[in-house]
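Dear colleague,

I am passing on a structure for you to look through, with some notes on what was found in it. Please keep it open beside this email as you read.

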Amino acid sequence: MDEDNCMVDIAKFFLEFTVDESCGKCPPCRIGTKRMLEILERITGGKGEEEDIEKLETLAKNIISSSLCGLGQSAPQPVLSTLKYFRDEYIAHVRDKKCPAGVCKSMMSYVISADLCKSCGICARHCPVGAISGEKKVPYVIDQEKCIKCGVCMEKCPFKAIFKNA
Ligand code: SF4
Ligand code: SF4
Ligand code: SF4
């Protein structure tokens with residue numbers, strides 16, 4: 001993992017797994033992890049609030065102390081750990097509605113640099129939804145309404161003219 005990984009997204013990934021694996025026998029694990037996952041989905045979806053951070057911590061501690069087995073007792077740890085070491089990333093999501101790593105799609109966009117674009121048209125040919133348009137000698141542009149943020153254009157541009165705007 002490096003600066004291109006979003007720590008909130010990573011915590012969500014681990015919780016998705018434990019929510020799936022919970023056997024459902026005890027409510028703190030069965031219901032609590034689901035509520036935590038919903039909060040993380042809200043935060044990564046750009047709809048988080050500052051109070052969500054405290055809610056996550058309270059839920060995590062309650063789930064750890066009251067779950068019957070190791071799964072529930074460890075499920076909230078990725079959230080607590082990322083909150084401890086990468087709290088600033090959570091704050092950027094809830095307060096500034098920004099994903100510093102440029103991973104959370106609701107908070108980023110792909111843009112073409114007019115200065116670097118050579119109007120070759122390669123990106124437009126590879127875009128799966130026809131979101132890029134342009135013509136010879138004119139910089140290409142991305143229609144943000146159509147763009148599904150797949151990132152293919154950035155991979156394909158031979159002139160490194162496409163950037164993530166996080
Ligand atoms: S803590 Fe263990 S027993 Fe309780 S619901 Fe989760 S997996 Fe089942
Ligand atoms: S591939 Fe790059 S240089 Fe070519 S049109 Fe697209 S953005 Fe411009
Ligand atoms: S990110 Fe994907 S959908 Fe959006 S403009 Fe680029 S290729 Fe098209």
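A residue is near a molecule if one of its heavy atoms lies within 4 Å of it. This is a predicted model, in which local features need pLDDT of at least 70 and side-chain atom pairs count only at pLDDT 80 or more, while totals for chains, interfaces and linings use all residues. Residues are numbered from 1 along each chain as its sequence is written, chains are lettered from A and ligands numbered from 1 in the order in which they are written, and side-chain values use heavy atoms, with hydrogens and water left out.

Ligand 3 is surrounded by several residues, among them Tyr-110, Cys-127, Ile-142, Cys-147, Lys-149, Cys-150 and Cys-153.

Leaving aside neighbours within four places in sequence, Leu-56 is in contact (heavy atoms within 4.5 Å) with residues including Met-36, Ile-39, Val-79 and Leu-83.

Finally, Ser-109 lies in strand S1, residues 109–112, a strand being a DSSP run (E, at least two residues) numbered from the N terminus. Ser-109 counts as buried because its relative accessibility is 16%, and, not counting residues up to four places away in sequence, Ser-109 touches Gln-144, Lys-149, Phe-163, Lys-164 and Asn-165.

Best wishes

Methods: Helix = DSSP H or I, 4+ residues; strand = E, 2+ residues; numbered from the N terminus. Buried < 20%, exposed > 50% of the residue type's maximum accessible area, 1.4 Å probe, protein only.
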